Amino acid sequence: MRERIQAFILAVELPERPGFASEIEELRGLAEACHIEIAEVWTQKLERPHRTHYLGAGKLQEVAAALTAAGDEGTVIANDELTPSQIRTLEAELDCRVLDRTMLILELFALRARTREAQLQVRIAELQYRLPRLAGMRDSLGRQGGGNGLINRGSGETKLELDRRKILTQIDSMQSELEKLVHRRQVQRKQRQKRGVPVVALVGYTNAGKSSLLNALLSEYEPASEKQVMAKDMLFATLETSVRRIELPDRQHFLVTDTVGFVSRLPHHLVKAFRSTLEELTEADLLIHVVDCANPEHEQQIDVTKETLRELGADHIPVVYAYNKADQTGTDYPLIEDDILYLSARAGKGIRELVQMIRERVLEPYMACEITIPFEEGSLVSYFNEHALVHETRYEPEGTRLKLSCSAADYVRYRERFAVHDAAHQD
């Protein structure tokens, strides 16, 4: 069990940024997820954060005095992304470790990362964030003696220069390894696209219930499957992209992609590092925007998700809104209102309605027909048994006679290989 540490929050309330109270609660949640206990919150209303102190000078003195009185070095967490000079000033004035919102999110991502790809992505983001802030860290930057070799040659380099070079080398090395993993996933994605299987991506704010919804789909349509994903009531439980196939009773199927959740002011270093993972979203045929409708701040969370999708270039993809956790709101559900479906993934109610909405948007209507396939085309019989809904099979002198419903694409693709007895029509 990781040891809990105590920390203090510093926050500047800006006039143009609403929802300040919810931001502080979210920061508390991020800290809690990192096993950090918040002892006190200091806030100050300003037009803008102070260029070097973050807080005003007087407020900073008040905070320093309170920390001294507490007799605990502790840790201070700022609610904004700090500049190197702000980090340097705060550490000097408060004589303690200083984290900002971005560092905290990076720390949480590092704790949650399980696969090698996710670990590399988080580590690269951490190093890219540290690089311009090395001067703000509390390391000694004394001169190093000159040495042999090309890297440390001459009269000497500052520790800052050596650290910067070391970080750049680490980033290059990890980028090379990451590119190999990304290439492998891109190949898999292209293979899926060649098969023409529709892709539905689950998107939304962290802890909205995306993984729970995927598990509910699997429970409904793949009950014997052992492909359930981890779903926990905590921030950023999912960092790895999971892809699962959902096969419906009529043999139609689609793929569901579970992705990393979003959060307000998601650090651009993380968005950049996870871009290869988030590319799954940009190539989806439909987005299911999962919303925790029991959260009083869900409207703001919807806006955050929409803005992040715009940044990723995925805002052109059709969207269905799944208002999850409706069982906690007293709302009648399942209920469909235009592109919004109220459901409960935990209770497993609204799943069939969601699939119907998916059908209408990405699945091609089936064609009903009656055909005879020559015996020498036996592989085609196997294909239709696997990819279509066969209602009746009869063996006749000319071949295997099937009464079935299949996709229009399959009907056209194999039309020359069978005889048609009944004109095809949509179900």
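**The whole chain**

Begin with everything shown as a cartoon, and keep in mind that the model is predicted. The protein chain has 13 helices and 15 strands, and of its 427 residues, 49% count as buried. If you switch to a surface view, the chain exposes about 21,200 Å², of which carbon and sulfur atoms supply 47%. Contacts between residues 24 or more positions apart make up 68% of the contacts in the chain with a separation of 6 or more.

**The nonpolar cores**

Next, select Leu10, Ile77 and Leu94, which touch the most other members of the largest nonpolar core, a set of 65 residues. Centre the view on Leu94 and, leaving aside its neighbours within four places in sequence, look for its contacts with Leu10, Leu60, Val63, Ala64, Leu67 and Val76.

Return to Leu94 by selecting helix 3, residues 84-94, whose buried residues are Gln86, Ile87, Thr89, Leu90, Glu91 and Leu94. Which elements cover the buried residues of helix 3? The cover includes strand 1 (5-13), helix 2 (57-70), strand 3 (75-78), strand 4 (97-99) and helix 4 (101-112).

**Two more backbone stops**

Most residues other than glycine have a negative phi, and most peptide bonds are trans. With that in mind, select Asn207, in the loop between strand 5 (199-204) and helix 7 (210-221), where phi is near 70°, again a positive value in a residue other than glycine. Asn207 is partly exposed, with a relative accessible area of 25%. Then select Tyr333 and Pro334 together, and find the peptide bond from one to the other, which is cis, with omega near -5°. Pro334 lies in the loop between strand 9 (319-324) and strand 10 (335-337).

**A leucine in a loop**

Select Leu134, which lies in the loop between helix 5 (116-130) and helix 6 (159-194). Is Leu134 buried or exposed? Leu134 is buried, with a relative accessible area of 4%. Not counting residues up to four places away in sequence, Leu134 touches Leu160, Asp163, Arg164 and Ile167. For a distance to check in the viewer, the C-alpha atoms of Leu134 and Glu161 are separated by 9.3 Å, although the two are 27 residues apart along the chain.

**The largest pocket**

For the last stop, select Glu26, Tyr205, Ser264, Gln300 and Val304, which lie nearest the centre of the largest pocket among the 29 residues that line it. This pocket has a volume of about 790 Å³. Colour helix 1 (20-33), helix 8 (268-273) and helix 10 (298-312), each of which supplies at least two residues of the lining. The largest share, seven residues, comes from helix 10. Coloured by class, the lining shows eight nonpolar, 11 polar and 10 charged residues.

Note on methods:
Residues are numbered from 1 along each chain as its sequence is written. This is a predicted model: local features need pLDDT of at least 70, side-chain atom pairs count only at pLDDT 80 or more; totals for chains, interfaces and linings use all residues. Side-chain values use heavy atoms; hydrogens and water are left out. Helices (H or I, at least four residues) and strands (E, at least two) are DSSP runs, numbered from the N terminus. Buried means under 20% relative accessible area, exposed over 50%, partly exposed in between (1.4 Å probe, protein chains only). Contact means heavy atoms within 4.5 Å. Accessible areas come from the Shrake-Rupley method with a 1.4 Å probe; for residues, only the protein chains shown count as cover. A nonpolar core is a set of buried Ala, Val, Leu, Ile, Met, Phe, Trp, Tyr and Cys residues joined through side-chain atoms within 4.5 Å. On a 1 Å grid over the protein atoms alone, a cavity is a set of points where a 1.4 Å probe fits but cannot get out, and a pocket is an open set with protein on both sides within 12 Å along at least five of seven lines; lining residues have an atom within 4 Å of a point. Grid points are joined across faces, edges and corners, and a volume is the space filled by probe spheres set on the points. Ala, Val, Leu, Ile, Met, Phe, Trp, Tyr, Cys and Pro count as nonpolar, Asp, Glu, Lys and Arg as charged, and the others, Gly among them, as polar.
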